[in-house]
Amino acid sequence: MQSGVWRNVFLFVCLAAFVLIIFRLLGTAYGVRMLVEASCYAILALGLTIQWGYAGLFNAGVMGFIAAAAFVTMFLTFPVNVAFWHSDGPALLARALGYLLVGAAATVLLARSRRWGVPGLLATPAAVVAAIITYIAVTNAVEPAAAHIVAASGFVGGLGLPVVLGWLAGAFVAGCLAWVIGRICLGLQSDYLAIATLGIAEIVKAVLKNEEWLTRGVLTVSPLPWPVPGPHELGFVLSRAAYLSLTAIIIVLIYVLLERAWHAPWGRMMRAIRDNATAAEAMGKDVNARRLEIFVLGNAIIGLGGAALVSFAGIFDPQSFTPLNHTFLIWVMVILGGAGNNLGAIFGALFVYCIWVMSEPAALFLFDAAGNWGQEVFGWEPSDLQSRALQMRVFVIGLTISLVLRFAPRGLIPEKVVRDE
Amino acid sequence: MSELVFFINYVVIGGVVISSVYAMGAIGVTLVFAILRFAHFAHADLMTAGAMFSLVLAVTFPGIDAATGLPAAFVLLPVAMALTAVLAIGLDRAFYRPLRLAGVRSVVLVMASIGVTLMLQGAIRLFAGIHARPLYVASRKDVYRIPVPFEGARDIVITEPQIMLVATITVAVIALHLFLTRTRIGKAMRAMSDNPDLARISGINSEHVVWATWIIGGALAAAAGTLLSLDVALKPDLSFNLLLPIFAAAIVGGVGKPYGALVGGFLVGFAESLAVFNWSILLRPITPLLPEWIEIPRQLAVVSTEYKIVVPFFILVAVLVWRPTGVFRGRIL
Amino acid sequence: MSLLEMKGVVAGYGGAAILKGVDISIDAEGIGVIVGPNGAGKSTALKAVFGLLHVSEGSIEFDGRDVTNAAPESLVRMGLSFVPQEFNVFPTLTVEENLEMGAYIRRDDLRPALQSVYAMFPPLAGKRHQPAGELSGGQRQMVAIGRALMTEPRLLLLDEPTAGLSPRFLSEIFERIVAINKAGVGILMVEQNARQALAIAHKGFVLANGRNLFTDTGEALLANPEVAKAFLGG
């Protein structure tokens, strides 16, 4: 494995050189900021690569898990909105929550009542009716609550808790969301999981965008607190560096844990399932339960990375979550790094993110130059050049994915080649 | 009465329009499922690309509007359909076929289609910008008002593109039926969908069937995208709102079954229209009959318009959980 | 002159080889039958001929031309036809459409061929517009064989044509196979019902563990006590 080790060292050295160039060109403060964001993406990439590499799951809704975790973090860490707690808001919400819990419990009980001898013909419609009544009751309770909250206090505010706790809570909620989705969708084929996760992500984003009482919607919430002293205390470079050390520690911890698990009996079983699920099942392994584990764990890690990313940005803006930046960019990182290859994921994330960051000014520069040239030569007056320049990045990401898959399709499967016939 | 007309305009006519669009997209998706056995995520962007081709054609030949009385985009639709078919075949040759030949899992093909989606989206917005444009370039949309013979009632409103849409989908479905049941390649397509190994053994040329699949899928996508854009406007983020519904329609109808996709399109389209409709409007006339303590809320829709996307998603998940084979008992992949 | 000649064929599904050096030759006028215990590689031999799995060593010649690892489409054009054991019809297509698909490579008038198939299998004539998936097992088998006959092949490969059929259909199918052969189509078939199959065979091949064990006329194999003891249980 000597050559492999040297190759890895070489790649990281090249990456370091590339980063140093960026530092020289754009300044230390900017460079450190880029590194922090890249490190958050590294966490995201780790979470995604284990889903694909360990369990063969195609999660096309990473954005949803990031957004959900970011919201939880925002809610937990943003300072308390005293006006909210003094208004009728909490009571009204509590009532709605009560309806939700009672209704959900009733629905689940009725759905499962077949076990206690209730005929199926009665149980299913009863459960459906219970679900409908719950939905109506909850929406009718939330509406006045929402209106009151927005009028009286703007939005619910936060709980003012420590930031790292917020991150962990975000990871936990992302994991729970993954559990619910996974229970429903993981028994089906991967193509369907992709569609389902895509849909979930859009729904999560829609909820966060529209429920102003919860998130201020398009008005956004800022500033989000940091786990380390902020720029006004330590200056840009030092505070960002402190943030970076925190995320770096997280990366190392996750990496070490994953590597140890992979080489343990649990990892061997996961590999057996990944390489030949039918055989594993015949041997009595519960394939779907293991896949669910990976799905939950992977998305919890993604939640952690997402929380760190949004906290760093300092602003919670539901519209800032896009499938491009928060799902497919990470997929490119995972594909380039080699699926299931944890070190590769980290490398892929750092490398791709640096290129991504550089591509924005590069694209604008190119389009500006082309626009000027076009104006001189053809008398063009193209409008909205800026936004079109950014579309170039979308195209390039798509092209990257297509080309990598085209020329190295087998490269996606890390250790063993599985030919599907 | 006026409320009933409102219902007809928004739910019945609106439902038929959006259902037809979903159905045409879903038929293409389900055929790709049947023959190529993967979820073609880039299909909604093929619809946008088709509309873009129509726009370019309409801008290039503005004289057609005056000459024929019909919008250029519609007259030149067959050309746009052909261009989109060529685009689809080109994408297949460049990005999907090599993966097929390498024998990868279908999930990898789905990933490739996402790469294609991003490329199409980026390229379209690069050239056309991000703002909506009308597809009526040299003429105006004809709006037909059918007066209802009741006092004070509003008119039933049907637009020219809506008529064209219904006409197109009718012709398309009949043509597809004839193709699948009367032509050699059509039957070969059904055979390959049934049993690809036996099709190979019988000497059926799978490449020809693959071409036919992309041609039909691309042409239908172009028609749907163009006609929808004629009725509303060409929005570059068209694909975003179409992807989930057409997949829901294809899966509801049974994967691999074109007639199922047709039915699925209407199921999803009408479910959406009915769910988003403000039912309190229909209840208004009977307000005087109700006791005073019953107050009808102003907004009585099942979901609000911002959450419209929940409807096809919910249908999708419900079908996958309770009846994965769909209405027409298609494949479960 | 042999129509089909397999020499020293080694083939498998990518991992271990199932056929480890098999020789089979069939001429145009006869019925050849491959028998042997389960796992002997009987079906694999047919699939190897038809290009459905990879032949790593040895050669297969059809009518003097090398067809080792050739694509199924080209074999059909040369006059070879294959009836798989399972999934051998298009279930949602009608009987007549199944037959039409069998003749996909032909561009001429199919009616004479259709007529002769319906003459060979009269029960199908009345069901020509019924989806093949709705037919009984025996009738489906007829559709499967009929489909393969639509190209008017020189050699017909059959993989366990009587598998899963009731005893009454067994004799009927064998009768038809003899009739097909008399009409000028060479037959090479794999069969579990070894006794009845060898009774109509001009040439028999007993395979075991991926190799030839005995090769002789059908009569001789039936009379051979070793063969009878080991393999003619059914």
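# Briefing: domains, interfaces, sheet and cores

Chain A is divided into domain 1, covering 28-80 and 160-350, and domain 2, covering 82-154. The model is predicted. Two pairs of chains are in contact, and chains A and B share the most contacts. Chain C touches chain B through 20 of its residues, whereas chain A and chain C do not touch.

**Domains of chain A**

- The centres of domain 1 and domain 2 of chain A, taken over C-alpha atoms, are separated by 29 Å.
- Their contact takes 5 residues from domain 1 of chain A and 6 residues from domain 2 of chain A.

**Domains of chain C**

- Chain C is also assigned two parts: domain 1 (2-79 + 153-231) and domain 2 (87-141).
- Here the centres, over C-alpha atoms, are 24 Å apart.
- The contact joins 10 residues of domain 1 of chain C to 6 residues of domain 2 of chain C.
- On the domain 1 side, helix H2 and helix H7 (167-182) of chain C each supply at least two residues.
- H7(C) brings the largest share of that side, 5 residues.
- By class, the domain 1 side in chain C has 7 nonpolar, 1 polar and 2 charged residues.

**Interface of chains A and B**

- Chain B places 41 residues in contact with 37 residues of chain A.
- Four helices of chain B each supply at least two residues to the side that touches chain A: H5 (77-101), H6 (106-128), H11 (238-252) and H14 (310-322).
- H6(B) gives the most to that side, with 17 residues.
- The chain B side divides into 31 nonpolar, 7 polar and 3 charged residues.

**Interface of chains B and C**

- In this pair, 20 residues of chain C meet 13 residues of chain B.
- Helix H2 (72-78) and helix H3 (95-102) of chain C are the elements that give two or more residues to the chain C side.
- That side of chain C holds 12 nonpolar, 3 polar and 5 charged residues.
- For chain A and chain C, which do not touch, the nearest C-alpha atoms are 10 Å apart.

**Sheet in chain C**

- Chain C has an open sheet of 4 strands in the order S2-S1-S4-S5, with antiparallel pairing.
- Why is one side of S2 and of S5 left without a neighbour in the sheet? Strand S2 (17-27) and strand S5 (65-66) of chain C stand at the edges, so each has a single partner strand.
- S1(C) and S2(C) pair antiparallel over 8 bridges.
- These two strands form a hairpin with 4 residues between them, and Gly14(C) in the turn has a positive phi of about 110°.
- S1(C) also runs antiparallel to S4(C), joined by 7 bridges.
- Met6(C) stands opposite Ile24(C) in S2(C), and its bridge partner in S4(C) is Ile60(C).
- Strand S4 (residues 54-62) of chain C is joined to S5(C) by 2 bridges, again antiparallel.
- Across that pairing, Phe62(C) stands opposite Arg65(C) in S5(C).
- Helix H1 (residues 42-49) of chain C packs on the sheet and touches strand S1 (2-12), S2 and S4 of chain C.
- The direction of H1(C) makes about 70° with that of S2(C).

**Nonpolar cores**

- The largest nonpolar core has 291 residues.
- The members that touch the most other members are Ile43(A), Ala45(A), Met333(A), Ala349(A), Phe247(B), Ala249(B) and Leu157(C).
- Helix H2 (residues 28-55) of chain A gives the most to this core, with 17 residues.
- Apart from this core lies another, of 14 residues, including Leu92(A), Tyr99(A), Val138(A) and Val142(A).
- Which residues does Ala349(A) touch, not counting those up to four places away in sequence? Its contacts are Ala38(A), Tyr41(A), Ala42(A), Ala45(A) and Met333(A).

How values were computed
Residues are numbered from 1 along each chain as its sequence is written. Chains are lettered from A and ligands numbered from 1 in the order in which they are written. This is a predicted model: local features need pLDDT of at least 70, side-chain atom pairs count only at pLDDT 80 or more; totals for chains, interfaces and linings use all residues. A nonpolar core is a set of buried Ala, Val, Leu, Ile, Met, Phe, Trp, Tyr and Cys residues joined through C-beta atoms within 7 Å. A residue is buried if 20 or more other C-beta atoms lie within 10 Å of its own, exposed if 12 or fewer, and partly exposed in between; C-beta atoms are placed from the backbone. Two residues are in contact if their C-beta atoms, placed from the backbone, lie within 7 Å. Ala, Val, Leu, Ile, Met, Phe, Trp, Tyr, Cys and Pro count as nonpolar, Asp, Glu, Lys and Arg as charged, and the others, Gly among them, as polar. Two strands pair if DSSP finds at least two bridges between them. Axes are lines fitted to C-alpha atoms, for helices over the stretch in contact, and angles run from 0 to 180 degrees between N-to-C directions. Domain bounds come from an automatic or database domain assignment.
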